[in-house]
Amino acid sequence: MTSPPHPHNRAAAAPRPTSAAAAGGRCPAHPFYGPELGEWDPKELLRNLRKRYGPVIPIDLLPDGSFPVKLVAEYDRARDVLHDSGTFSSDPDLWRDRNTVTPGHPVQQHVNKLKHVQHDDGTDHTRMRKALQQALSDLDRHEPAVRAFMQHIADQIIAEFAHDGYADIEAQFSQRFPRQVMMGLLGIDGQWADVIDASVHELIRSGPQAEDAAQRIHSLMRDLVREKMARPGADLSSWLIYYTEPSSTPDRMGEEAFVEELSDQIWFLLNVGLGATAGWISNCVVELMTNAELRAEVRQGKTSWTEVANLVLMSVAPLQNLFNRWAVRDTYLGGTLIEKGEFVGISFAGTAPETSPDGVDKRLLGNKAHLTWGLGKHACPRGAQDLAYQIVVIALERLFLHLIGMELAIPECELRYPPPLVVRSPERLPVQFDPPSVPVTPDSGEPWTNSLLFSTPTAQTSTKREQPSASRGRWRAFASRVFHRRPGSGR
Ligand code: HEM
């Protein structure tokens, strides 16, 4: 690779492709690891790699060549993969190299086979996704309360640092806000919240503690599901349990399998969008801090927060790569052979629309022609997309409401980006602002409880009893057969 690094980033030597010998006789793959990766503007890097390899780029995620992936970096070819689950499955059991990869790699956490919706392609996928959509659509009906809840959480976090006149928005806000919102919505509080929060940190750091953290979380999530089954709460987890119909697949039947599936589902829901949502918030803040014209337009009401969020979504894909497809059989894609069991990634950075070289192109404002949410049967559910938008918009509203005069505390060229394997956002985002003259206090004086957001499944059942649905009937029959109780018993 000969092209220079992105002008906003430090000068860096471009990583060299692995030699055929180091790749164990396989075609040399391009290194996709290490700090050098973070030094490059992702779009420029991908543009160069496309020129060199074509639309399907052989990359390696580990220096010893043991983690090869075929990275699809062209819009139409990426659509082909996402739409064709018969050829490119999202079941990690198909991965031919799964046992050769050292545990602890950040991507490996995403590909350990679990019983959630993303790792299934058959009838269980349809069943689990339907329950998810039903539970998420309940959020829509409670939109004003959900919004107030998020504002409350955002204000609570901002209040902790507003008086300092200085903050690292990435660590002190972006990483925390989406997680606290999701935990609140899922009803993960008290005994679980702190332990899960700490374990998630260890998991994200992907160090030697990551395996233990994963085990701890696994067991905590099972306890959580059992608790919510015995005492449903006013939360998304309880509704998900309530809407989930029993599986008719033999190895998924029975109470144990049901608990296992729901704990994986809730864990997946808690995590799936966290990093991307956090990155999206920080990238919006960077754009607003460095684009005076855009800031002025927002101030004058010509551009809304939602448009800012969409603009940034188009120009800096918050989720840079999706590592979640495996070839079901030998196949050709864009002229490249992909062998059965090979790991296939989708580069959202490489398939994002081109922006003008000097920054974000405002013609993208209302445009939604990107693959950020995926496509086809595994696409991010609409309710989840709406939720992610809402988290980002409220984050921006509250930050710019409270932190008057916010500006970057370091020059933009000093912002550092960790290797954007999954998410791209700055390592630190130091800002300064005028400390507010009156302390920031969360809008509601009352402590928040989830009952302001949702009803419990039990309460809901009584209103809907007049219009019983097939799924509720099936659930009750199943619950009384398998668990010897109805949802809501114990209340
Ligand atoms: C910026 C934030 C987010 C981004 C960029 C994002 C992106 C995606 C993408 C690309 C997929 C497709 C995965 C695949 O094809 O294998 C996906 C799936 C999914 N997302 Fe999101 N997501 C975000 C936030 C969320 C949030 C907040 C939730 C939960 C409330 C969520 C729930 C899901 C679920 C359940 C699936 C799997 C659907 C299935 O396999 O049927 N996402 N997301």
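Which of the 26 residues around the ligand come nearest? In this predicted model, they are Gly-273, Gly-374, His-378, Cys-380 and Ala-384. The shell around the ligand holds 17 nonpolar residues, eight polar ones and one charged residue. Four elements each supply at least two residues of this shell: α5 (123–141), α13 (274–290), β6 (321–327) and α17 (382–402).

Strand β6 also belongs to an open sheet of six strands. The order is β1-β2-β3-β9-β6-β4, and the pairing is mixed. The edges are formed by β1 (30–31) and β4 (88–89); each has a single partner strand, so one side of each is left without a neighbour in the sheet. Strands β3 (residues 68–72) and β9 (residues 343–347) are paired in the parallel sense over three bridges. Here Leu-71 stands opposite Gly-345 in β9. Helix α3 (residues 75–83) lies across β2 (56–60), β3, β4, β6 and β9. The helix runs at about 130° to β9.

A second open sheet has three strands in the order β5-β11-β10, with antiparallel pairing. Strands β5 (166–168) and β10 (407–408) stand at the edges with a single partner strand each, so one side of each lacks a neighbour in the sheet. Two bridges join β10 to β11 (residues 430–432) in the antiparallel sense. Glu-407 has Gln-432 of β11 as its bridge partner.

Helix α12 (residues 255–271) has 17 residues. At 1.5 Å a residue, α12 should span 24 Å; the end C-alpha atoms are 24 Å apart, which agrees. Buried residues of α12 include Phe-258, Glu-261, Asp-264, Trp-267 and Leu-270.

Notes:
Residues numbered from 1 in each chain as written. Predicted model: local features only at pLDDT ≥ 70, side-chain atom pairs only at ≥ 80, totals over all residues. Expected span 1.5 Å × (residues − 1). Buried ≥ 20, exposed ≤ 12 C-beta atoms within 10 Å, placed from the backbone. Pairing = 2+ DSSP bridges. Near = placed C-beta within 6 Å. Nonpolar A, V, L, I, M, F, W, Y, C, P; charged D, E, K, R; others polar. Contact = placed C-beta atoms within 7 Å. Axes fitted to C-alpha atoms, helices over the stretch in contact; angles between N-to-C directions.
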